[in-house]
Amino acid sequence: MRAMAYDTYGGTEVLRETRLPLPKVAPGEVLVKVRCAAVNPVDWKIMAGGLDSLMDVVHPAVPGWDVSGTVERVGIDVPEFAAGDEVMAYARKDYVHGGTFAEYVSVPVRALAAKPASLNWAQAAGLPLAGLTAYQLLTRLGTAADDTVLVHGAAGGVGSLGVQLARALGARVIGTASPRNHDRLRGLGCEPVTYGDGLAERVRALAPDGVTVVADFVGGVLETTLAVLAEGGRHASITDHTVLGAGGQWMWVRPSGEDLAALGRLSDEGRLTVDVAATFPLSELGAAFALSQEGHAAGKIVIEI
Ligand SMILES: NC(=O)c1ccc[n+]([C@@H]2O[C@H](COP(=O)([O-])OP(=O)(O)OC[C@H]3O[C@@H](n4cnc5c(N)ncnc54)[C@H](OP(=O)(O)O)[C@@H]3O)[C@@H](O)[C@H]2O)c1
């Protein structure tokens with residue numbers, strides 16, 4: 001099969017297009033024929049060696065954790081899925097080796113869910129990692145209809161899903177983004193504010209009593225979070241471990257077919273959609289990573305196989 005892989009840590013220059021044997025399909029796994037695979041910043045952070053102390057990377061490593069596609073065949077004892085099923089997954093395994101930027105990927109059943117009819121292939125690939133991150137953070141903080149939620153990084157892959165999920169939970173949502181993204185965020189039901197100097201005052205102007213939940217999807221904003229959080233408020237970050245010393249939670253998204261199915265249902269109910277900022281062919285994965293590294297994509301960057 002065709003795949004993009006790297007043999008050593010580095011920047012986009014270490015990526016090469018290659019041919020690899022089809023992945024093995026262990027008991028409890030399915031082989032997915034990839035239609036689309038979405039880029040997440042963690043893909044190029046791992047490639048650069050940034051997670052070397054946390055996870056083994058077995059070379060040649062095919063990066064990529066997000067996928068949409070059809071089930072090609074199932075492994076031993078997989079009654080839940082059959083060949084031809086349309087699926088999506090946050091296909092993270094315990095080590096990095098056979099990722100989703102390839103024609104085929106094997107995925108543990110615990111990570112799979114049916115592709116919602118309401119999303120096209122590119123959108124369905126963009127949903128799992130980012131959607132699960134936002135969903136698991138907001139539910140862990142007990143977000144509910146009486147909350148006012150501040151989303152740091154509201155325009156990004158995780159943030160734009162976080163805004164919609166907080167709205168679906170009934171909360172009021174204030175989100176930080178640069179002005180060019182404000183109209184898009186209003187369309188998602190969010191009150192946008194510009195980040196940078198004076199952010200705490202701008203949030204206070206909208207929520208004089210403070211916000212009850214802060215979801216940090218950017219990092220470097222703890223001071224603002226603490227300045228705008230109401231007494232008894234809850235906060236968590238996906239990028240900044242220093243929140244642990246300030247009463248916050250540091251979140252790492254977990255694969256969950258069950259949570260992903262819940263996101264699929266919300267999408268089919270018309271309460272959640274995925275903005276695709278750009279698509280690239282497999283051979284241009286390096287360009288897709290470079291765009292992600294700029295840090296200002298308005299939604300998901302997706303590879304079409
Ligand atoms: N711990 C976990 O489980 C987990 C899971 C997923 C992601 N992450 C991490 O979370 C971060 C975000 O991921 P992502 O996929 O959402 O990335 P992304 O889609 O690349 O985020 C890009 C967005 O960030 C916004 N942004 C940049 N600087 C900002 C700032 N100072 N304040 C507010 N918004 C800002 C940009 O908005 P503008 O264009 O308007 O500036 C852009 O829309 C990454 O570092 C990623 O590695 C962690």
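Begin by selecting the ligand together with domain 1 (2–127 + 274–304) and domain 2 (131–250): both domains give residues to the shell around the ligand, so the ligand lies between them. The model in the viewer is a predicted one.

The ligand sits in the largest pocket.

Now select the shell itself. The ligand is surrounded by 25 residues. Gly-157, Ser-178, Arg-180, Tyr-195 and Val-253 are the closest of them.

- Select Asn-181: a polar atom of the Asn-181 side chain lies 2.8 Å from an oxygen atom of the ligand.
- Select Met-251: here a backbone N or O atom lies 2.8 Å from a nitrogen atom of the ligand.
- Select His-296: an N or O atom in the His-296 side chain is 2.8 Å from an oxygen atom of the ligand.

With these contacts in view, display the surface. On its own, the ligand has 940 Å² of accessible area, and the protein covers 85% of this area.

The tour now turns to the backbone. Most peptide bonds are trans, and most residues other than glycine have a negative phi. Select His-59 and Pro-60: the peptide bond from His-59 to Pro-60 is cis, with omega near 0 degrees. Pro-60 belongs to strand β4 (residues 57–62).

Finally, select Asp-77, which is found in the loop between β5 (66–74) and β6 (86–90). Asp-77 is a residue other than glycine with a positive phi, near 60 degrees.

Terms used. Residues are numbered from 1 along each chain as its sequence is written. This is a predicted model: local features need pLDDT of at least 70, side-chain atom pairs count only at pLDDT 80 or more; totals for chains, interfaces and linings use all residues. Side-chain values use heavy atoms; hydrogens and water are left out. A residue is near a molecule or strand if one of its heavy atoms lies within 4 Å of it. A polar contact is a pair of N or O atoms within 3.5 Å; within protein, one must be able to donate a hydrogen and the other to accept it, and residues adjacent in sequence count only if both atoms are side-chain atoms. Accessible areas come from the Shrake-Rupley method with a 1.4 Å probe; for residues, only the protein chains shown count as cover. On a 1 Å grid over the protein atoms alone, a cavity is a set of points where a 1.4 Å probe fits but cannot get out, and a pocket is an open set with protein on both sides within 12 Å along at least five of seven lines; lining residues have an atom within 4 Å of a point. A molecule sits in a cavity or pocket if more than half of its atoms lie within 2 Å of its grid points. Domain bounds come from an automatic or database domain assignment. Helices (H or I, at least four residues) and strands (E, at least two) are DSSP runs, numbered from the N terminus.
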